[in-house]
Amino acid sequence: VTANGEEHKRLRRLTQPAFHTRRIDAYADTMVDYTGAMLDEWRDGRELDVAEAMRELTMYIVCRTLFGADRAAMRADGGAADRIGVAIHALQEIANQEFQAPFVLPTWLPTGLNRRRHAARGALNDTIDRLVADRRASGAADTGDLLSMLLAARDEDGDALSDAEVRDQLVTLFVAGHETTSNALAWTWFLLAQHPAQEARLHAEIDALPPSRPPTAADLPALPCTLRVIREAMRLYPPAWLLNTRRAAADTAIGSYAVRRGDLLWISPFALHRRPDFYPDPERFDPDRWTPERERALPKYAYLPFGGGPRVCIGNGFALLEAHLIVAAVARRYRLRLLPGVVESLNAQVTLSKHGGMPMRLEQRD
């Protein structure tokens, strides 16, 4: 996320094999199994924060695919996965506070915020460093998780990622692998609850699948409406609503604005996705914007939920597969209804969530 230039190119080349289509497809069983385990704990009429439920589910999935930690280990207090989750949650809260602060104090000042930051960062680094050291010491080959693939990666000169680089990539993938996807899912349920006709179309599509088993990756080509719903939710509420780490690689012009090489650019997918010249009636929830014919009519880069170009999100295939499977599995068994008084209330921090979470009531489908 924060690397630039040649450093970014090198890290991208080394990590890209971990996100090959065949590798991502191998994670589908984990996504299906963990979603099923969550649904088995739900009950008709229960009220819960669906945003938190989606965050927990996607965190379980990313722990399994990153480190090989199973759901039981993630739930165990004091386990490695639990320590990573607690530390990253603390660092995200600090990042959110600083994101909207008028100025940020140096990290060496002994403020309460900085003491929390240093403690969380130390715990995170120590935990991941031990995971990396243990995996290296075991001499294990590719075990199917992303950690083993990052350790096995080699560049054209035969050089591997350093332990610090492996740790940095794991932290980035952990955060991006659950925070953004869980927000996209929460907004998807928010929109479906307010648009019963679109919800009925989605249910009809899912109900056409074999009823004896949960939806699998093999079923996804038969669920285009479900994917269009997810993509439209990410148009209206892109989790990465603001890209603020982009620097111009050359002198150029954007409209009447001169941009010089090295200038810092802020790009807002949230604003871009609401341009009426690209999206007529842009505030309207319309999944049919994503039919093949209408999508082809869009200009390149008019839709940026995963960024674009050489810096496009490396995990976009993983995220879409995960969201597609989760929405299909949940919608097969439940309708999610907003509790009275729940409104949009955007919480535009590092990622785009909703103030107060997403309180909803579960209605089991017949």
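In the predicted model, helix α4, which spans residues 50-67, packs against helix α9, which spans residues 163-194, at an angle of about 145 degrees, and the axes of the two helices lie 8 Å apart. The crossing in which α4 passes α9 is right-handed. On the α4 side, the residues that meet α9 include Val50, Ala51, Met54, Arg55 and Thr58, while those contributed by α9 include Leu170, Leu173, Phe174, Gly177 and His178. When the residues of this contact are sorted by class, 14 are nonpolar, five are polar and one is charged.

A second pairing involves helix α10 (residues 196-207) and helix α14 (residues 316-333), whose axes are 9 Å apart and which pack at an angle of about 95 degrees. Because angles of 65 to 115 degrees count as roughly perpendicular, α10 is described as roughly perpendicular to α14. Leu202, His203 and Ile206 of α10 make this contact with Val327, Ala328, Ala331 and Arg332 of α14, and by class the contact has five nonpolar residues, one polar residue and one charged residue.

The second largest pocket of the model has a volume of about 1000 Å³. Its lining consists of 28 residues, of which Arg246, Arg247, Ala248, Leu265 and Ile267 lie nearest the centre of the pocket. Two or more lining residues are given by each of the elements α1 (5-15), β2 (243-247), β3 (252-254), β5 (264-267) and α12 (269-272). In terms of class, the lining of this pocket has 13 nonpolar, nine polar and six charged residues.

Methods
Residues are numbered from 1 along each chain as its sequence is written. This is a predicted model: local features need pLDDT of at least 70, side-chain atom pairs count only at pLDDT 80 or more; totals for chains, interfaces and linings use all residues. Side-chain values use heavy atoms; hydrogens and water are left out. Axes are lines fitted to C-alpha atoms, for helices over the stretch in contact, and angles run from 0 to 180 degrees between N-to-C directions. Helices (H or I, at least four residues) and strands (E, at least two) are DSSP runs, numbered from the N terminus. A crossing is left-handed if the near helix is turned anticlockwise from the far one by less than a right angle, and right-handed if clockwise. Contact means heavy atoms within 4.5 Å. Ala, Val, Leu, Ile, Met, Phe, Trp, Tyr, Cys and Pro count as nonpolar, Asp, Glu, Lys and Arg as charged, and the others, Gly among them, as polar. On a 1 Å grid over the protein atoms alone, a cavity is a set of points where a 1.4 Å probe fits but cannot get out, and a pocket is an open set with protein on both sides within 12 Å along at least five of seven lines; lining residues have an atom within 4 Å of a point. Grid points are joined across faces, edges and corners, and a volume is the space filled by probe spheres set on the points. Angles under 35 degrees count as roughly parallel, over 145 as roughly antiparallel, 65 to 115 as roughly perpendicular and the rest as oblique.
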